Structures are given as structure tokens and as C-alpha cells.
Amino acid sequence: MNFINQKNKLLEREKALANLKTMDQAAINQMIATLKKEHQALAYQEASEKNNDRQKNWHQLLKQNENQMSLLNQYAAVQYQRLVKSTAPKVPVLANTLRAFAVGGGICVLGQLVINYWILQGIEVKTAAGFASVTIVVLTGLLTGLGIYDEIGRFGGAGSMVPISGFANSVVSAALEFKREGMVYGIGAKIFTVAGPVILYGILASVVIGLIKFIMM
Amino acid sequence: MNNRIGKRTWQFSAPAIIASYATTAGIKENEGPLGGHFDFIFPDNLFDEASWEKAEQKLQQYALEIALEKRGVESDTIDCLLGGDLLNQIVATSFTARWAGTPYFGLYGACSTLAEGLLLAGTLLSGGFAQRTAVCTSSHHDTAERQLRFPTEMGVQRAMTAQWTVTGSGAYLLEKGQGNIGVTCGVCGKIIDNGTKNNMDMGTAMASAAVDTICAYLDDCHDLASLDYIVTGDLGHIGWEICQKMLLQRGYDVKNKLLDCGMLIYDKKQDTHAGGSGCGCSATVLGAHFLPQLTEGKLKKILLVGTGALLSPTSTQQGESIPCIAHGVVIEQLH
């Protein structure tokens with residue numbers, strides 16, 4: 001196998017690939033078959049080459065070959081997507097939005113009612129908000145365990161996920177799920193699988209905001 | 001049932017000829033006793049890919065491509081590709097099969113996958129369903145560690161019984177017809193569970209399965225004298241010793257004949273503790289060590305016993321013991 005020859009072949013194909021859209025299926029199939037054949041030969045060349053630098057050169061040709069192949073594969077995937085688009089079930093966006101609004105709004109109304117209750121009990125406004133969060137979290141934990149929050153989530157979608165109850169649901173459901181793998185590798189390791197990103201980036205965001213506040217003062 | 005010897009040994013109507021084979025491996029494997037005998041060495045564990053998983057897939061694809069090129073044929077001449085690896089849902093092999101574009105059976109036999117594949121490939125050829133089959137398996141140290149044990153950069157002290165997953169792959173083309181070496185018969189393994197629960201001690205768990213399969217073969221064929229070696233997949237130093245003792249109890253003295261791929265691939269100095277393991281262990285050692293010797297006539301007949309621990313991280317955490325299997329295939333020099 002000649003290195004320069006091989007390189008030229010790849011360059012020529014690169015030019016042909018620029019006009020991919022005008023090519024017919026038979027030509028594309030032919031090209032895929034040739035690419036496969038060349039890949040195999042290149043891998044063998046690379047493996048039998050004892051010189052390190054030349055081996056790297058062969059490897060570069062091999063990578064070019066792979067890039068061309070992936071271009072063809074992407075093209076085929078796009079073609080396929082056109083076919084799929086007409087058959088894929090439509091997502092009921094409007095209905096989903098209305099449900100999410102109702103459920104999310106309902107949870108927030110409940111939260112407000114709880115705040116008002118704690119204020120009536122003589123607790124300061126700021127502290128009452130914290131108390132309300134705790135109340136909602138405990139309530140969600142209970143509803144998750146009883147299998148009721150699953151139904152609320154199925155109906156409400158994002159509406160049940162975004163408020164703090166969604167966070168509590170994700171933690172409690174993970175705890176329930178992984179208790180069979182034990183307290184350490186099960187619950188201990190997996191309890192925050194869903195909620196982990198919220199915790200990490202929530203803390204990170206609060207640090208950034210704290211810094212901004214510090215600079216502005 | 002004329003294709004059976006005794007109770008459990010499958011005899012192929014004609015030997016499945018090993019027409020071509022190739023092995024790929026990582027740097028650490030090349031620094032071991034078999035260094036220089038692999039067809040291609042990956043310069044590092046990533047080999048220009050975006051992830052270790054992709055690198056493992058390339059290990060396997062290269063092995064298959066080199067084996068095909070050695071034979072002078074292309075992948076579309078393969079009637080059936082059989083293979084597997086240790087990744088979740090055996091993706092490395094499935095992506096290799098995607099490249100090959102051949103009919104494909106994905107196998108999961110953990111580290112016994114190579115022997116399982118050779119046995120099934122021989123069966124397909126013997127049954128007349130295929131003219132040419134390919135078997136390929138792979139494993140990669142880093143993909144196995146992160147999936148089955150700890151993050152690769154974590155500073156942990158490995159148990160003395162732990163084994164080191166081999167970064168490597170082997171591909172074998174099996175055909176009907178004439179040839180120098182071939183698979184002539186084999187034994188399909190049973191699941192044997194000796195109650196071991198420690199997932200850092202696979203050798204101890206798998207030894208019983210290896211003994212069961214070796215005894216099944218020897219009970220059927222009575223040819224211990226004509227076997228040059230009995231080669232187990234990846235029992236490691238500890239499992240190998242247990243296996244030897246158990247065989248002696250069953251009346252088979254195999255002291256000088258029992259070898260283990262997991263012990264052959266690394267040097268004791270390489271700090272791998274109990275030896276090598278993984279789908280790539282027997283796949284690389286067979287192609288780099290035993291098949292060349294069979295081709296040259298230094299060996300006449302070996303029994304390869306691939307050993308697999310069929311556990312999952314979830315089953316271990318749920319307190320289950322380890323179900324193990326061993327598949328045996330006899331590889332002979334034919335002329």
C-alpha cells in the first residue's frame with residue numbers, strides 16, 4: 001500500500017463528498033463499501049508499521065477515513081429523520097402546558113396557605129417561609145412513599161418537578177429505589193442521583209451570587 | 001446424537017479451522033512476558049479517542065480488521081460474527097459489528113466469552129449454517145474499573161486477591177475446509193456457584209466452574225495424556241491453585257499441564273496481584289502465545305477453558321453470591 005496514493009484517494013473523496021446531495025444512493029453505497037475496505041487495509045498497515053512516525057501518519061489517514069465515513073452516516077441519518085418526522089407521535093404541547101400550570105400553581109398556592117398558617121401561629125414572615133418549605137418537603141416525602149406523588153407527576157409534568165416538592169420527590173424516590181442495595185452502596189451512594197446536579201449547581205450559583213453581592217457592597 | 005462424546009462433550013462433524021487471527025493489546029500487556037507477540041499495541045489507553053469505551057471498541061475493531069486482512073478477505077464474507085465484552089450491554093462488540101455489517105450474535109459470558117464464542121462458531125460451521133464465522137472479544141482496564149469497581153483515579157489499595165483487567169482484544173476467523181489448526185470439540189459449561197460473595201476474589205469463585213468443565217471433558221474423552229495443556233481463562237494465582245487441588249481430589253493429576261492465561265499475561269513484578277482477567281485475557285493469550293505454538297507444531301492439542309464470573313454490581317450489593325461458568329474448547333494441530 002502506497003502512502004501518497006492513499007492520501008490522494010482520501011483527498012479526491014473529500015472533494016466528492018462536498019457534492020454529497022447530488023449523489024445517488026448507489027454511489028453512496030459504493031463509497032461506504034470502499035471506505036470500509038480501505039479502513040481495514042489502513043488498520044493492517046498501521047499495525048505492521050514498525051516506524052513510530054510512519055505509524056502515526058497511517059493513523060492520521062485512518063482518522064480521515066473515519067471522518068468521511070461518519071459524514072456519510074450522518075447524511076443517512078438526516079435522510080431517515082425526514083421519514084420519521086411524518087410518523088412520530090405529536091407531543092400535546094398546549095395540554096401539557098396547561099396541566100403544568102395548574103399543578104405547579106396549585107403547589108405554590110398550597111405553599112402560600114402554609115406560610116399564612118405559620119404566620120397566624122405567630123411566626124415571623126421570613127421564618128414562616130422556611131417552615132413552609134419544610135412542611136411541603138415532608139408532605140411530598142410522605143406522598144412519594146404512598147405512591148400518590150407519582151400520579152401527580154405523571155399528570156403535572158414540569159409543574160410538579162420545578163417547585164421544592166419535585167426536589168423532595170427525587171430524593172425520596174431514589175432512597176426507596178436503592179434501599180435493596182444496602183445503606184452504604186445503596187441509599188448512601190445513590191440517594192442524590194437525580195437531585196445531585198441541583199445541589200451542586202445550586203450551591204455553586206449561590207456562591208457566585210454571594211460574590212456579586214460582596215463586590216457590589 | 002452422534003455429535004456427542006459421552007455425556008457433555010460436543011464433537012464437531014469437521015474441525016472448525018482457525019484460518020486467521022489477530023490480537024491487540026495495551027502498553028502494560030506488551031511489557032509483560034508476552035510482549036512483542038501481539039499484532040498491534042495501543043500506544044496509550046485512549047488512543048486518540050474521546051473515551052475509554054471508544055478506545056476499547058477500536059481495540060476490537062483493529063483485531064478483527066487485522067485478522068481479516070491477514071486472510072485477505074473483507075467483513076462481508078463473514079456469515080456470522082460472535083462476540084462480547086464487559087461493558088454494559090456489550091456495546092464495544094455491537095459497535096464493531098456495526099462496522100462489520102455482518103449477521104451478529106452478541107454474547108455475554110464475562111471472561112468466558114471467547115471460549116463460548118469459539119464453541120458456538122464451531123457449532124454453526126459444523127451444522128452447515130455458515131462457511132466462515134468470526135469471534136471477537138475485548139476488555140479494557142479503565143472501562144472495567146469505572147464500571148465495576150471504583151473511579152480510575154481514586155486512590156484505593158487493591159485487595160491481594162484482586163485481578164487486573166487486561167486491555168486487549170482478540171479476533172479469530174473460523175472456517176470450514178482445510179487448515180493447520182482447528183477447534184475439534186468442546187464442552188458447554190454449567191453455572192456453578194460455590195457461595196463466594198467477594199467480588200474482589202473472582203479466582204476463588206470461578207475455580208469450581210473450571211473444575212466442573214474440565215472433569216466433564218476428561219470423564220467423556222479420557223485423553224489427559226494426549227493433552228499438552230489445560231489452559232484456564234483467568235483464574236489467577238489463587239484460583240489456579242484451588243483448581244489444581246480440586247482436580248486432584250477428583251482423581252486428575254494435572255500438575256504440569258494446568259496453565260492460566262491470567263498468570264501468563266503479566267509478570268509478578270507488574271504488581272497486578274492475582275494476575276490478569278477480562279474478556280481480553282484469554283483472547284490475547286490464546287492468539288499471542290498458544291496458537292503460534294500450535295501452528296509451529298510445538299504443541300499438538302490444548303483444552304482452553306474460558307472462565308466467567310457472571311455477577312453484576314447490583315447483584316453483589318444485594319448480597320448475592322457469584323454464579324460462575326466455564327466453557328471448554330479443544331484446539332488441535334490437524335496435520
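Which helix of chain A does A:Arg82 lie in? A:Arg82 sits in helix 3 of chain A, where helices (H or I, at least four residues) and strands (E, at least two) are DSSP runs numbered from the N terminus. Before going on, a word on the ground rules: this is a predicted model, where local features need pLDDT of at least 70, side-chain atom pairs count only at pLDDT 80 or more, and totals for chains, interfaces and linings use all residues. Residues are numbered from 1 along each chain as its sequence is written, chains are lettered from A and ligands numbered from 1 in the order in which they are written, and side-chain values use heavy atoms, with hydrogens and water left out.

**Chain A**

Back to A:Arg82, which is exposed at a relative accessible area of 57%; exposed means over 50%, buried under 20%, and partly exposed in between (1.4 Å probe, protein chains only). Its side chain makes a polar contact of 3.1 Å with that of A:Gln79. A polar contact here is a pair of N or O atoms within 3.5 Å; within protein, one must be able to donate a hydrogen and the other to accept it, and residues adjacent in sequence count only if both atoms are side-chain atoms. Look also at A:Ala128: 46 residues separate it from A:Arg82 along the chain, and their C-alpha atoms are 54 Å apart.

Chain A is split into domain 1 (3-85) and domain 2 (93-216), with bounds that come from an automatic or database domain assignment. The C-alpha centres of those two domains of chain A are 50 Å apart.

**Where the chains meet**

Contact (heavy atoms within 4.5 Å) between the chains involves 18 residues from chain A and 23 residues from chain B. Together the two chains bury about 1800 Å², with 52% of it on carbon and sulfur atoms. Buried area is the accessible area (1.4 Å probe) that two parts lose on being put together, summed over both.

Three salt bridges turn up across the interface of chain A and chain B, each a side-chain nitrogen of Lys or Arg within 4 Å of a carboxyl oxygen of Asp or Glu. One of the salt bridges pairs B:Glu49 with A:Lys63 at 2.7 Å, N to O. There are also 13 residue pairs in polar contact across the interface of chain A and chain B, both residues being at pLDDT 80 or more. On the chain A side, helix 2 (25-48), helix 3 (52-85) and helix 9 (183-190) each supply at least two residues. Helix 2 of chain A gives the most, with nine residues. By class, the chain A side has six nonpolar, four polar and eight charged residues. For these classes, Ala, Val, Leu, Ile, Met, Phe, Trp, Tyr, Cys and Pro count as nonpolar, Asp, Glu, Lys and Arg as charged, and the others, Gly among them, as polar.

**Inside chain B**

Chain B also has two domains, domain 1 (4-175) and domain 2 (181-333). Their contact takes 59 residues from domain 1 of chain B and 64 residues from domain 2 of chain B, and the C-alpha centres of the two are 17 Å apart. The pair buries about 4800 Å², 62% of it on carbon and sulfur atoms. B:Arg8, B:Cys111 and B:Gln163 supply 17% of the area that domain 1 of chain B buries against domain 2 of chain B, more than any other three residues.

The count between these domains of chain B is one salt bridge. B:Arg8 and B:Asp212 meet through their side chains in a salt bridge of 3.0 Å, N to O. Across this domain interface of chain B there are 27 residue pairs in polar contact, both at pLDDT 80 or more.

In helix 5 of chain B, the residues B:His141, B:Asp142, B:Thr143, B:Ala144 and B:Glu145 are buried. Their cover includes helix 2 (52-71), strand 6 and strand 7 of chain B.
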